[in-house]
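These are my notebook entries on a single protein chain. I recorded what I looked up, entry by entry.

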Amino acid sequence: MVIGGKKLSMGDMLVGIGGLVALIATFLPWYSVSYSCSGPYCAGFGGSASTSGFYGWGIPYFMATLVLLALFALRLFALQLPALPLQDWLIFVIVGAVMLVGAVFFWLLYVSGSSSSGFGYSAGPSFGLFIGLVASLAALIGGFLKKTDPQPATKPLNFATAQPVGTYAPLQPPQYAAPPVAPQAPPQAPPA
């Protein structure tokens, strides 16, 4: 597949599709509760509620998704970017792992890892969480597959003139050029 004049590898497609699906999954329900009541004392009381990925560990998941998509789009459409401290495949793997950890922690901490139900109610993880888990796995695997792809052309970072942190060069007085000498008129012969 060719997008933006660049041929996409399998790793590129997994990272891109995984990132887009993860972004959409964040807006879907990650936890749902439904309850109902029937009988003369309930008067039709019942309903359902859900929360999306914008809660708790879903927020780092969302932020990592934005970083993943931003780097993917910049590498896909920009002509040349500065070099990063890590290679792209490793950045995609790290960001995919952060997404996966966010989704798993959401499941374990807020959903308790399982469903519960009782007389007239049910609560548990919803489909958005599972879609988010699969999308983060796709991004993680896609980042790992990009290891064999060539690193895009980048401008090197110039560290030659940078000083190590904590060291300071002594202040030097400013160096000014000497003022220009005013032109003098050629000597003239004394009047006769």
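**Entry 1**

I looked up the crossing of helix 1 and helix 2 and found it left-handed, a term for a near helix turned anticlockwise from the far one by less than a right angle, clockwise being right-handed. I note that this is a predicted model, in which local features need pLDDT of at least 70 and side-chain atom pairs count only at pLDDT 80 or more, while totals for chains, interfaces and linings use all residues. Residues are numbered from 1 along each chain as its sequence is written, and side-chain values use heavy atoms, with hydrogens and water left out.

Helix 1 covers residues 10–27 and helix 2 covers residues 58–77. I read an angle of about 145° between them, and their axes are 9 Å apart. Axes here are lines fitted to C-alpha atoms, for helices over the stretch in contact, and angles run from 0 to 180 degrees between N-to-C directions. Helices (H or I, at least four residues) and strands (E, at least two) are DSSP runs numbered from the N terminus.

Next I listed the residues that meet, contact being heavy atoms within 4.5 Å. Helix 1 contributes Asp12, Val15, Gly16, Gly19, Leu20, Ala22, Leu23 and Thr26. From helix 2 come Tyr61, Phe62, Thr65, Leu66, Leu68, Leu69 and Phe72. By class, this contact has 10 nonpolar, 4 polar and 1 charged residues. Ala, Val, Leu, Ile, Met, Phe, Trp, Tyr, Cys and Pro count as nonpolar, Asp, Glu, Lys and Arg as charged, and the others, Gly among them, as polar.

**Entry 1: Asp12**

The side chain of Asp12 makes a polar contact of 2.5 Å with the side chain of Lys146. A polar contact is a pair of N or O atoms within 3.5 Å; within protein, one must be able to donate a hydrogen and the other to accept it, and residues adjacent in sequence count only if both atoms are side-chain atoms. Residues up to four places away in sequence aside, Asp12 touches Lys7, Phe72, Lys146 and Asp149.

I found Phe106 in helix 3, residues 88–110, buried with a relative accessible area of 1%. Phe106 and Gly53 lie 53 residues apart in sequence, with 8.5 Å from C-alpha to C-alpha.

Ser136 belongs to helix 4, residues 127–145, and is buried at 0%. Beyond its neighbours within four places in sequence, Ser136 is in contact with Tyr61, Gly96, Met99 and Leu100.

**Entry 2: Leu28 and Tyr31**

Leu28 sits in the loop between helix 1 and strand 3 and is partly exposed, at 24% relative accessibility. Which residues does Leu28 contact, leaving aside neighbours within four places in sequence? I listed Thr51, Ser52, Gly53, Phe127, Gly128 and Ile131. Leu28 and Ile131 are 103 residues apart along the chain, yet their C-alpha atoms are separated by 9.0 Å.

Tyr31 is in strand 3, residues 31–36, and is partly exposed, with a relative accessible area of 24%.

**Entry 3: The whole chain**

I recorded 4 helices and 8 strands, in the order β-β-α-β-β-α-β-α-β-β-α-β from the N terminus. Of the 192 residues, 29% are buried.

Terms used. Buried < 20%, exposed > 50% of the residue type's maximum accessible area, 1.4 Å probe, protein only.
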